[in-house]
Amino acid sequence: MSRQAQSRPQPTTRRPADSEGQDEICPVCKSSRYLTPTLRFLINPECYHKFCESCVDRIFSHGPAPCPIPGCHKTLRKHKFRTPTFSDLQVEREVDIRKKVGAVFNRREEEFEDLRAYNDYLNEVEDITFNLINKLEVEETEKRFKAYQRAHEREITENASLAEQERASFAALQKEEREQARSRREAARREDAEEKRQLEENRRDVLNRLASGQDAESVAKAGQQVHLKKRMDRAAAAERQRQLQAASASNGSGNVVIKGLRAKQKQEPEASVDPFGGLSFEGRKYYALQDDYVWAGVQETKADVLIGAGGYDVGAFTGRALCEAFAGLGVFVGDEMDERDREKMGKENDEMATKGAEVAATKGGNAAKGKVKDVKMEDPF
Amino acid sequence: MATSPAFDVPAEPPYKRQKTSSEPMNPSSPAPVADLAEQLDNQERKKYVKGKKIGSAHLVSDPQKLVAIKKIKVGAEVKAFGISYDSLREIKFLQELDHPNIIKLHAVFSSKGQNLNLVLEHLPQGDLLKLVQDTANISYTPADIKSWMLMLMRATYFCHQNFILHRDIKPNNLLIAANGEIKLADFGLARSFADPFQPMTYNTVTTWYRPPELFFQAQYYGGRVDIWSCGCVFAELIARDVLFRAWPENEINMVKLICEKVGTPTDDNWPGVSKLKGYVTPSEVIPIRSKDQWMMGFRAIGETGVDLLMKMLTLDPRKRLSAEQVLRHSFWTESPRPSRLEDLPKKGGGIEAMGEELKKKGGELPNGSARGDKIARKIDFGAMNG
């Protein structure tokens, strides 16, 4: 192992030529693969220095010991040693780090509502990964990593179990597919054999008939017809089978999960409650209500103790009288008809108009309806 | 039409009606309202209308849309007296009112024998009383109560704005739509606001929900009678029991109960009450119940809720809040927010249940006790002028 690799990982230092020569020599005992073809190298994810199997046995069998590479003061344990997957140990280390980061930052695309948020998240993950790999701001990055882990403990385990489930179901699916393919092949083979057998049978039948002295031509024709019919039957059966499979496949596609961003949910801040539900009777344009009217009828009513004690509201009466007097003013039936017709064009399934509206339209003096102004009925609150 | 400079009046129509019925002259427009009956599938119409007081039917034009048909039998007495006041009032006022919280009357048609059939909105979810009474299976939150009450108050406000007194507000007249909306139904006792010095009957509103001024036989009253009933419904929703459950159910007991639970009406807290015809001088005077006492029974709804409840159940109708004032109360806007429709508890009842609801005469309670002779429906028509 080169000195360079000990001090700092330099991705560029690794060249195929390197691994051919130096990498085949154990840096501790200097035994090389050339002399001992059974040589196996092991690494420890603490420092990614590699030693041959026998050195690991020799040095670490009696418990933890410091890394024998000069300048590396990591304490290594034997049970952590493993065979490297990649010959390039930088790649090995990067993969390990990515695994570790990925186990914590395991949010899925479905969890995000827009692409921007998802990309920001990916960027953050990559930042942390890059820093860890290249040993930049290690402490600060570790802190960020730990903080995230603590804050999202629950989601992390949830997503992990979800991923586990998916893996399991995917494995099951693959197994099933293999099973199906096998049975299909089996069926095809059986069919083939069957066809051959029938062909043979047919020929024997023809020969027998010829032997028993029947007319050669008709026998040959009949035999051909039988053969043709059987083949047609088989073709039809195969076609049916194919259709069945296609149908089941399209059924199966129903539970295919389409990955992607979560469906956008508009999280509008809830509007404050309007107790009147959008209903407003502030449409008086033709008159103004006064608190008091100097008119004998009104004054007398107001003065009557009996009427007051019963809760009769003179204001309601005057309001109604005025409303009814002015109701229908400014209502142009013709214009409304036109407008309605326009609406109807756009909205075919317009519900029935209320009878009340009709009454109001015909009798202009009908107060109740004339007063209602553009009430938005669909708004529940 | 040009602007009138004298009054500075804009030329555009000030009021727009939400919907207008189509006129027969225009052949391209869909069938007008009056023909709705024709849209009903004849088969179904026959099937459902026959023998039943209520049934459901699909519209031919839109088979997805269900309607309920309420059949009013017109018997021999029609020849002598005409159609009953209940039916007349119901048809008259429901035709006028178009509000999401009021049951919609789509059309009226007559079938053979001159029976009247009302085509009503289909409300299969039963009524509010069922929810209140089913303490075992249904539980609801203050937010749900607020949502229901808000819908009820909107309906009441809408009626009053259109100068209509409902006069029979109670939980079993509050039907629940499929989407959870509350619909005020049964306008059999409704009437429009009276002119000054035009007496109205005091023998109206189901006894338990009747305001004190009617027990004192006031003949001149206004929208506040409905507010008292709404207050009773409010209290009933919170406590899940009728607030003034007088038993045996007569007026004396009711007055006694109101004195006990709200306070004795005197000339001090209700000026002029002693002049009312039916006022009886009380032997002992119970002071008006304080807010703390109210809080004891209705803590669940919170302080603002109790404040609103007290103001809705004020003895003096002049001091009682109007429907508009109720809606302006801070109770609605403060937390918790009224439940959304889809979150409200529901209890399916089906068309039969709706039939039961609509079959009931006003002033009848679901426990079926024969109470009709004392109240509501037995109205002194002479005094009505309705």
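What volume does the largest cavity have?

1. The largest cavity has a volume of about 80 Å³, in a model that is predicted. A cavity is a set of points on a 1 Å grid over the protein atoms alone where a 1.4 Å probe fits but cannot get out. Volume is the space filled by probe spheres set on the points, which are joined across faces, edges and corners. By this rule there are five cavities of 30 Å³ or more.

2. Residues of chains A and B line the largest cavity, including Tyr312(A), Phe317(A), Arg320(A), Phe193(B), Asp195(B) and Tyr221(B); lining residues have an atom within 4 Å of a point. By class, the lining has six nonpolar, two polar and three charged residues. Ala, Val, Leu, Ile, Met, Phe, Trp, Tyr, Cys and Pro count as nonpolar, Asp, Glu, Lys and Arg as charged, and the others, Gly among them, as polar.

3. In chain B, helices H6 (residues 142–161) and H8 (residues 224–239) pack at about 170°, with axes 11 Å apart. H6(B) and H8(B) are therefore roughly antiparallel (over 145 degrees). Helices are DSSP runs (H or I, at least four residues) numbered from the N terminus; axes are lines fitted to C-alpha atoms over the stretch in contact, and angles run from 0 to 180 degrees between N-to-C directions.

4. Trp148(B), Met149(B) and Leu152(B) are among the H6(B) residues that meet H8(B), where Ile227(B) and Phe234(B) are among the partners (contact: heavy atoms within 4.5 Å). This contact of H6(B) with H8(B) has 11 nonpolar, two polar and one charged residues.

5. Local features need pLDDT of at least 70 and side-chain atom pairs 80 or more, while totals for chains, interfaces and linings use all residues; side-chain values use heavy atoms, without hydrogens and water. Residues are numbered from 1 along each chain as its sequence is written, with chains lettered from A and ligands numbered from 1 in the order in which they are written.

Methods. On a 1 Å grid over the protein atoms alone, a cavity is a set of points where a 1.4 Å probe fits but cannot get out, and a pocket is an open set with protein on both sides within 12 Å along at least five of seven lines; lining residues have an atom within 4 Å of a point. Helices (H or I, at least four residues) and strands (E, at least two) are DSSP runs, numbered from the N terminus. Angles under 35 degrees count as roughly parallel, over 145 as roughly antiparallel, 65 to 115 as roughly perpendicular and the rest as oblique.
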